[in-house]
Structure formats: C-alpha cells, structure tokens
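Please walk through this structure with an eye on its metal site and its aromatic rings.

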Amino acid sequence: MLVATPLEPSLRTWNDRPDGLPFVVEARGGDRGADALAGWIAAQRDQVRDRLLAHGAILFRGFEVFDAAAFERVARAVDADLKNEYLGTSPRNALTSHVFTASELPPFYPIPQHCEMSFTAHPPRKLFFCCLVEPAAGSGETPLADFRKVLRDLDPDLVKRFEEKGLRIVRNYSGPDGGGRFDLWKLKRWDEMFQTTDRAAVEARCRAEGFEPTWTAGGGLRLVSTQPIVRRHPVTGEPAWHNHVTTFHISQAAGEYRRIRALRPTLAHFALWQLARALEALQRRKPVEERAMECTWADGTEIPTAALEAVRDAVWKHLVAVPWRRGDVVAIDNFAVSHGRLPYRGPRSVAVAWA
Ligand SMILES: [Fe+2]
C-alpha cells in the first residue's frame, strides 16, 4: 500500500486491487503543484516503481500539471532517462526537448491499442501522457489494455500460429516533397521521422533498428521489418502480447470503427465504419508492398482478418477508458500495458514523453 507521506492527508489512492488498471493517486487538497507531485514521486520512488510493475499504469489526478514543462518534470521524477527519438508513424510536434503532442492524426481517426514502438529493436520501457486540454465528454480517451492479460486470454493455438509464422511489417513513407501529412493513404514523411534528409544517415539508422530500407519512385521510403509476437518484461519476466499487428494490418481501421460504433452508436461512427471498409477494399487492390502500411505473415502472405478479429476481441475485452481531466498524468509500463486513442470532437491536447 502506498504511504502518502508528503501530501498526506490530502491524497488518496484507488483502484488498489493488485491488477487494477490504472492504479490512481489523486490529490484532494494541499499543495497540488506539479513540483509537489514530482517531489512526492521522488520520495516514494520504490513504491511507485512497484505499483507501476504490478498494475502496469498509474494515473496521477488532481494535480496542476498544466503545461509541457511541468509534465516533463513529473515524468522525469518517475524516470529521469527520457528519450526523444521517435520511430513511429504518428505525426507529432515537439513541445519541449522531450515532450511531444501525442498524435496529430485527425480527431476522427481511432488509434488501435499498441505498445509504443514495439516494432523497434529497443522499445521504450515507460510511456507518459498528460492531458493539457480535456476533450469533450464521451470522446478522446486514451484507453489502456493489460497486454499480459490479453496474451493469457488468447487461444494458445492462435498465439502459436503467430509465433510460428512470424510477422512482416511494411511501411511506406512519403519523401520531403511527399505532400500533406494528413493524406489517409500515406504515413508521415521519412525526413520527419528520421529528422534528416541524409539518405546514408537514414540507412544507418534503419540498420541499427533492423528495418530494411528501399527508396521508392517519387522520393519515398519503404521500410520492411519483422518483430517478435511476445516479449518478456525486462524486470518481472512476465510475458505480454507485444507487437503491432492490430495497428498495421489492413483491417485495423474497419475493425476499430466496428467496435467503436458498438460502444458509441452514432451515425458518424457508422458512416466512418462503412468508409473504412470501402477504403480497405481499395487498398487491398494494391500489392502488399505498396500499401501505406501492412502487416503480413513473415513469408509475405496475408494474415486472415479472422485472426485479427480474435486478437481485437481479446484486446477490447480488457480495454479501460478513463475520461481525461486537465492535468492528468499517466505513467505506463510499456512492456505490460498498451494504449490507443478513441475518436474525439472539438479541442483536445494530450502530450507524450517516454523513457
Ligand atoms: Fe503510441
């Protein structure tokens, strides 16, 4: 049990059962400043670490963490070793040297559950989010899912099939002259991702990460890589489903919208679901190598959508969507718990950092 010394008695914890997701530390008075929170985390370092390992995520609520600099101080109190190299697919803007907007993808676009950068050689150990501007009620949550439980729930034969067949990820990035960021058919530009236009430097970085680069017509870059299905936690050794198949597979948008529409049955969600199905049918006409992003078996053959649906069912069963409040900070163990984003309307600002 956490002992809330510096802020006691103005602080309470909830969701205390050992696997409650997320564990919550809430300020209910006293000094609610970001530095008070950072100081409290530093003073409770061992217990914060143990709670993060057990629950997989901690939500710090009720504190005045209202800008990127304050968020960075709180994140550094949990882990001083923040990183700032991002090899993912979301367009992001820098707010400080180590804090970014979580995703500049359009609001209506759902982000499926994933462990951050699981397709890289060394995924982040921890991930942090902070809500700077609350989204409208009933939208824009950053749901979490315990991927250790997802692995336990999946049919062992299906997991075995994934492990035997392996994954192959194809990502097609546009080049420096590659047009708009928000083109649904394209990922962001490769020079944005690697923060250089030097092709030799990009190739060297790809080699370090195990990405096979191919320069394509029109100045684009295709990355092909493989990745594990399951990873063991570096501290606890617990296995977790730890791959990007549900994010990169061609069925991802329609699969997500179908479930979002069931959760929030609006006409807009129905229309987006149908649009995603139509776009998926169009993408399927292209060869695998030319799709914006795709995940196949390692031999390049297509993974049946039914297999993906079984994974999505297990993921959604464990989905926890806590509505954001301004100032919320969430610390996530990236080797245990996944995150995603539900569509939203109106303003919303969520910042991200990782270690
Ligand atoms: Fe992410």
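The paragraphs below start at the metal and then turn to the rings.

This is a predicted model. Begin with the iron ion. Three residues coordinate the iron ion: His114 through NE2, Glu116 through OE and His339 through NE2. The distances run from 2.1 to 2.2 Å. In sequence, the donors follow the spacing H-x1-E-x222-H.

Now turn to the rings. The structure holds eight aromatic pairs. One of them joins Trp190 and Trp215. Their ring centres lie 4.9 Å apart and their planes meet at 70°, so this pair is edge-to-face. The class follows because planes over 60 degrees apart count as edge-to-face. Trp190 lies in helix α6 (residues 190–194), while Trp215 lies in strand β10 (residues 212–216). The pair therefore ties together parts that are 25 residues apart in sequence. Trp190 is buried, at 2% relative accessibility. Trp215 is partly exposed, at 23% relative accessible area.

Phe270 and Trp273 form another edge-to-face pair. Here the centre-to-centre distance is 5.9 Å and the angle between the planes is 80°. Both residues lie in helix α10 (residues 267–283). They are three residues apart, about one turn of the helix. Phe270 is partly exposed at 34% relative accessibility. Trp273 is buried, with a relative accessible area of 16%.

Ring pairs also build a cluster. Tyr86, Phe100 and Trp354 are its linked members.

Charged side chains meet rings too. Return to Trp215, the partner of Trp190. Arg199 lies over the face of Trp215, 4.3 Å from the ring centre. Trp215 therefore takes part in an aromatic pair and also has an arginine over its ring, with a definition that rests on the CZ atom of Arg. In a second case, the charged end of Arg348 sits over the ring of Tyr344. The distance to the centre of that ring is 5.1 Å.

Notes: Residues numbered from 1 in each chain as written. Heavy atoms only, no water. Donors = N, O, S within 2.8 Å, 3.2 Å for Na, K, Ca; no water. Phe/Tyr/Trp six-rings, centres within 6.5 Å; stacked < 30°, edge-to-face > 60°. Helix = DSSP H or I, 4+ residues; strand = E, 2+ residues; numbered from the N terminus. Buried < 20%, exposed > 50% of the residue type's maximum accessible area, 1.4 Å probe, protein only. Lys NZ or Arg CZ within 6 Å of the ring centre and 35° of its normal.
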